[in-house]
Structures are given as C-alpha cells and as structure tokens.
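Please read the points alongside the displayed structure.

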Amino acid sequence: MRKSAIVFAFLGVLLLGIAPALAQTPVVNVYSARHYGAMEAVFARFTEETGIVVRLSQGSVQSLLERLRAEGAQTPADVFFSIDAGGLDLAAEEGLLQPIESEVLTTNIPEDLRDPENRWFALSQRFRTIMYNPATVQPEELSTYEQLADPMWKGRLCLRPATHIYTISLVASLIAADGEAKAEAVVAGWVANEPQFIDSDTRILETIQAGGCDVGITNQYYLGRKLSEDPAFPVSLFWANQGEDGRGVHRNISGMGVTAAALNKDNAIALIEWLSQADKGQLADVDGIPGGNFEYPVNAEAPVNEIIAAFGEFTIDPLPLSEYGDLQEQAIALLERTGYGF
Ligand SMILES: [Fe+2]
C-alpha cells in the first residue's frame, strides 16, 4: 500500500515535469492514406532532425476525404497525405487545401508534379502497368491496357476491383485518352474476359506466380518489393502503351497538401519540404532509412532504386495530374455500367 503510494507520488511528479514539455512539443497531424511500414522510419528520421512529431491518422483516400469534408474548419488534420492525384485534386477544388508559397518545393518538385496553384505536391511517382507470367505469355503478345479487352485474354486476367482508387484513376486515364465511348468498350471487354477481381496488388502478383492468371495490372512498386525479397520472383513487368502503342504508362503519385484549417501550418510545410529533398525522405530508398517503397522520386536529383531502375526506360502518359479528380465520377459511373467487379 505504502509502496504503491510512493510510486504514484513519484509518477505524479514525473508527469508534472513532462506535461509542460509535451505541451510545447511541435507536432504535425497527418491524415494518411499511405500505410506502408516504410513510412514510420521516414517520419522517425524527420522527427529526429526537426523535433517535430508526426501524428498519423490512417484511412483510404476516399474515407479521409470524407472526414476532411465533414470536419471542415474543425479538422485536426494539418496535412492530407494521398496515394492518388484525384483525391488531392478534389480536396483542392473543394477548398480543403491551401496554396503554399515555398521556393524549396517549387525547386525540388517539377511543375507537372504539383498543383498549378501549389495546393498539393507529389512526393513520389508510381506507375500502374501490365504484369505477366513469362512462362505462359510472350511480351510480344502484350501492348496496351486497351488490348487486354481482346478475347485472347479470356479467363487469364487478374484485376483490382472498382472500389479501389487505383482502378478508378486508371479508368479515368482511359476516358481522357480514348473518349468515354471507347473507354467503356475497353472496360466492357475486360469484364467479358471474366477476370478475377482481387483487392490487393500483392495478391494479384502472387496469383500470377501461382498460375492462377497470366496477366494482371498492378503498381510497379509491388513487383519491386517482391524482387527485393526474391530476385527470382517469376513475374515480369511490361510497360503499357509505349512507342507506337500510344500515350505512355499510367502515372499516379503519393503527395501531400496543407489543409485550409491547419493549426500547425509551418510544421506541415516543414514536413513536405523535408520529404521533397533528394537526400531525405522522397518516400523511396534512402541511405539509413530502411524499407523504401520502390517508387520513383519526383526530385530529379534523387537516386532511383536499383531494382526498379532495372525495369528500364519508359514513356509516361502526359495526362495532367490535376485532371484526375475531374474524371473520377465519370470513371466510377462507367465502371458501374460495365458490371466491373466490386
Ligand atoms: Fe499501393
């Protein structure tokens, strides 16, 4: 009894001592749609170097956007961290993000990788492309996303469901490039090929590996992760829509914007600036920060991880990132009309 009273008294003194220090600890509150383990190491490094503590609240792009809308000026979020350009674009258009004047950001991040009004900034690039089983598919048989509508792929495709933002943005890019009618015919062709709908890019790759399907569409970093664990992982990457076959591979980004209601605006800007540096976060592999995500940096000075550099050169679909949000609703409606899996 007595002993515990002493312990409580000691704890009380300890807490009294810590409380004022906690109150002064600089923080940045992040609504993060990105929840890969690698982020913790990156944020820990940021805190170590700046003293600013990162508080994360996680969810899907869509659910975080809903929270930002519902909370409005009351939101505790300083930063919206999205894994999709459409989500950032919608947040910006709806007045949920504020423009940021920062020479660091405009220097480190190329113009086509940030909002024209500087309300959001890309921090890494990811490319959604065709993956195949080299034991059953010759690369010469592959060309474009559109060509996967050919009946030759019947019963051979693995695709991500319509509910996932990756599918929605890919279909938005088809609408932008091909027009709505042709995009709809393409998606209807995919559906007619009776794909397996699998809500995990990792599991799509594993299903191809296991012979469950021959061709899939995934983000390129999922194959990077697999190859980092097993350099002989038996799935190959095909860059879609290259050369004479068109506009280039579909690009998306991870990126951040400062909320219009941010209480810790300076800390929010500090986080985005820090991540934009070539030798710091860049959400990629950085010396001393383990577990990079095998994405391509936005900062031209930043190194590209060797595993993904081995995927070779490719052309990127020039569709401006700021148009992804505008096409989102149309893409969702098109997916519903074609009976694409949920
Ligand atoms: Fe992902």
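1. A residue is termed buried if 20 or more other C-beta atoms lie within 10 Å of its own, and exposed if 12 or fewer do, with C-beta atoms placed from the backbone. The model under discussion is predicted.

2. Helix 3 spans residues 61–71, and its buried residues include V61, L64, L65 and L68. These four side-chain positions cover an arc of only 100 degrees around the axis, and therefore lie on the same side of helix 3.

3. On the face of helix 3 turned away from the buried side, the exposed residues are S63, E66 and A70.

4. After helix 3 comes G72, which has a positive phi, near 50 degrees.

5. Helix 6 (residues 165–178) also packs with helix 7 (residues 180–192), at an angle of about 135 degrees and with the axes 7 Å apart. Helix 6 is therefore oblique to helix 7. The crossing of helix 6 past helix 7 is right-handed.

6. Which residues make this contact? Helix 6 contributes V171, L174, I175 and D178, while helix 7 contributes E180, K182, A183, V186 and V187. Of the residues in the contact of helix 6 with helix 7, six are nonpolar and three are charged, with no polar ones.

Note on methods: Residues numbered from 1 in each chain as written. Predicted model: local features only at pLDDT ≥ 70, side-chain atom pairs only at ≥ 80, totals over all residues. Axes fitted to C-alpha atoms, helices over the stretch in contact; angles between N-to-C directions. Helix = DSSP H or I, 4+ residues; strand = E, 2+ residues; numbered from the N terminus. Parallel < 35°, antiparallel > 145°, perpendicular 65-115°, else oblique. Left-handed = near helix turned anticlockwise from the far one by under 90°. Contact = placed C-beta atoms within 7 Å. Nonpolar A, V, L, I, M, F, W, Y, C, P; charged D, E, K, R; others polar. Arc of directions from axis to C-beta.
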